[in-house]
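Here is a protein model to explore step by step.

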Amino acid sequence: MIASISSAILHGVEGRPVSVEVHASEQGLPGFMIVGLPDAAVRESRDRVRAALLSSGFEWPQRRMTVNLAPSGIKKGGVWLDLPMAVGVLVASEQLPVRCANGKAFVGELGLDGALRQVPGIVPLAAVLSDRDVVVPSSCAAEAALVAGGKIRAASGLAELVEALQERTPWDKVVHGERAAPLPQLDLSDVRGQLAGRRALEVAAAGEHHLLLVGPPGSGKTMLATRLPGLLPPLGPKEALEVMQAWSAAGLRVPGGGFPERPPFRAPHHGATEVALVGGGTAWLRPGEVSLSHCGVLFLDELGEFPATVLDSLRQPLEEGVVHVSRARSSADLPARFLLIGAMNPCPCGEGSVAGACRCSDRDRARYTRRLSGPLLDRFDLAVSLSRPDVEDLVTGSPGEPSEAAAERVSFARLEAAARGVRCNSELPMSSLEELVPLTPEAAALLERRLRSGVLSARGFHRLRRVARTIADLDRAGPVVGERQVAESLSLREARATLLVEART
Amino acid sequence: MIDGCAGGQGPEPLRCDDARYAAALACLGAGPKRLREFLDDLGPEEAWGALGAGRHRADPRGEYRAKVRDALVDQVTRACEMSRVSVLVRGSSGYPRDLVEDHEAPAVLFARGDASCCNGRSRVSIVGTRSATPYGLGVASELGAGLAEAGVVVVSGLAAGIDTAAHSGALGARGAPALGVLGTAHDTSRPRSQAFLARDLASHGAVVSEIPPGTAGSPAWWFVVRNRVMAALAHVVVVVECHAKGGALHTVKAAACRGVAVAAVPGSVRSAASAGTNALLVDGAAPVRDTGDVLSLLELEIAALPGISRPQPRQGSGARPRKGGRRQAPNPVAAKVLRALDHDPASLDTVVRRCGLSLGETALALEQLADAEQAVIERGWWSRPRS
């Protein structure tokens, strides 16, 4: 007898439907074979399936069992196929009527005692199988229900599952996913002083301009960066789903559970490898940090300590918002539209911005800044030097402006951008810059002088105009961009000069 | 005394055997003192022969015998020709005249350009730290330019930081020739960015080194022994910026034991890069505020020396920068921002806090001031321009 059970495996951040066919034959020696390019984890499921069936009180058929994973041309990895295989064996050995499995799909890992275990990537898998009822482990049913609604059937063990399939007992109750409870956010009012840094953060949030913070240790780079998600507008339903998909595919749970409300914030350590950052790997193409920070913030602290090749791998996702991960057997497009915040010291010892305190040799300094290639440095529209806050500011200074006020300006700027047909000003197309960013004669003259003196390159000129547009939106300065906004945009990229000069020596 | 025949300017520097053998002797790896002993009573060719035979008085145990190979002579000759370096044996015509009598004078110098250009001129060594602040770099460059204009030969070490600033200033003034003293070989000088500066110096003065071309490496002691040459060549040593235990203090020590006057540029007591110079001032070094101070000091130092041409100060260069006639800021806001600026570089944040205006207003005022040349930005730091 042949059974055909629907399931799916994960590929990048998407599910791919897989049909698990089980054939039980009276002829030939009893045995259990899996064909259809299984990897080691899938081959191991033979033993798990057998033990789970026996300990749940079913019979292990004394027949020749052949499992085929169709389509058989693609490699299958992961643990999602334990459950469909077990159900297939039950159907093929006639311990379960065929009709019970019809119109249903199964995803889950089995324990030796027959328990159903949680699996990574349940959100994209449920999404791809949502044309039928999806049976999933109870522990990840809530997540799956976020995308597949009422079509999720949950069970916590194989025996209960078979009972429920035969409609003798009800399914486990599925708690419908709600929006995650808002987590406490870090507030900008904790930051004393740092006027330029705060302003840069606000501009970055409003226009999604990538931001580089340069300053000695203790100048508050990390403190500022961690407060950026609080300034960004909350995620829309579509964005929340994309974030869920990426996080689920990486086997992570969105903090708080349910649909994420706030943009994600990821801060990988500088020991991260290229694969960890952009995604990849052998089992399935696991999303990297750039995809986990999709629709959110990727914060790279100690930028100068990341290997240069790892940093350069960010260039393509920064440009396109998508990572194309290609391997010999497969390739995938992973979402990667994130706001990049880099933080670094001015030199290896970190004291480079205090007069005369730095004792790094020129070679050390050049090597440190050379990690940041010119093309990557070009992607940072904003680059700000931070210095350590004054003691008076820390001790007696009044708290800074709260995030709420800044977030309000940011959301106004986003509305202005939306009126221009883009999500944020960094996406303004080059062709319409003249029309959307008109300059006053004084502002144009200032820019021309800076272009002539070589402070500004042609590429920098276009990027600067987008930043000036964002500043004008934040200031509610009207459609024409004035000299003040241009001067401010120039001042918010001055730290580039520090790094460029060092890199040349 | 050997009468070497390397003139310095010729494209074929090594015409005579003396120079070839002297260069080869420098390749044996002996320290400067031992090298002088090799050449004390014998000519280079004789010394080479005696060492090879193990009969040299300065090498009684024959340590250098195995190193003496005739191939070495051709090798170093080729290396010198490749990098257009002439070999100056102590006392030969191209060798700096005032260095000959120094008790630690290098026995052999490798030179690019005309090293005898400093004969008969007053000379000032400008030394200091490699990790200089914009303040130090600015002062070094001004001193270099001012002294070169006044006809003083600026001697420095071609290192990054103060040395480079002083040399660039001196070369920019197109005045007297300048002299660079390398601590490494000509063709392996570090960092590579100095190669251009060395080329310019060679065409408007000279670059000398004790290390034969083709010798790799740069052990720290090479720089220490190099510093004695800078001290020996100078009538006045000016330390611009130097950390509490900076390498420039080796030059100061060498100058002190030769009786050469040491002067120092005062710096902020909060700046680590000025800790060494401020300590020198406490110890009695002459303070230097500008070229005029150096020139008056130089005047005293060379008064008793015959055959040294007097520096020709530019009209008014000895005076303090003139006050008064301060230009008006472009507008009242800019004037407020200008008051918040001083000569110490400050970050934008600091300027904003000092003047109490918004970031946008301050940024605009700073750009306007920059256009009016009343503010400068260097490496992202704002300050007033140097007067």
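Let's start with a word we'll need a lot: two residues are in contact if their C-beta atoms, placed from the backbone, lie within 7 Å. Helices (H or I, at least four residues) and strands (E, at least two) are DSSP runs, numbered from the N terminus. One caution before we look around: this is a predicted model, where local features need pLDDT of at least 70 and side-chain atom pairs count only at pLDDT 80 or more, while totals for chains, interfaces and linings use all residues. As for labels, residues are numbered from 1 along each chain as its sequence is written, and chains are lettered from A and ligands numbered from 1 in the order in which they are written.

Begin in chain A with helix 6, which covers residues 158-165. Which of its residues are buried? A residue is buried if 20 or more other C-beta atoms lie within 10 Å of its own, exposed if 12 or fewer, and partly exposed in between, with C-beta atoms placed from the backbone. By that count, Leu158(A), Glu160(A), Leu161(A), Val162(A) and Leu165(A) are buried in helix 6 of chain A. Their cover includes helix 1 (40-55), helix 2 (82-92), helix 3 (98-101), strand 6 (109-110), strand 8 (133-137) and strand 9 (152-155) of chain A. Just past the end of helix 6 of chain A, look for Glu167(A), which has a positive phi of about 60°.

Now for a sheet. Strands of a sheet pair through backbone hydrogen bonds, either parallel or antiparallel. Here, two strands pair if DSSP finds at least two bridges between them. Chain A has an open sheet of five strands in the order 11-14-17-10-18, and the pairing is parallel. At its edges you'll find strand 11 (265-266) and strand 18 (382-385) of chain A, each of which pairs on one side only. Strand 18 of chain A has strand 10 (residues 211-214) of chain A as a parallel partner, with four bridges between them.

Is strand 18 of chain A covered on one face or both? Both: Leu382(A) and Val384(A) are buried on one side, and Ala383(A) and Ser385(A) are buried on the other.

Further along chain A, Asp393(A) belongs to helix 16 (residues 391-395). Asp393(A) counts as partly exposed because it has 16 C-beta neighbours inside 10 Å. Setting aside neighbours within four places in sequence, Asp393(A) is in contact with Arg192(A) and Gly193(A).

Over to chain B, which has 14 helices and 11 strands. Of its 387 residues, 54% are buried. Val239(B) has Ala264(B) as its bridge partner.

Finally, where do the chains meet? The meeting place brings 29 residues of chain B into contact with 30 residues of chain A. On the chain B side, helix 13 (348-355) and helix 14 (359-371) are the elements that give two or more residues. Helix 14 of chain B provides the largest share, eight residues.
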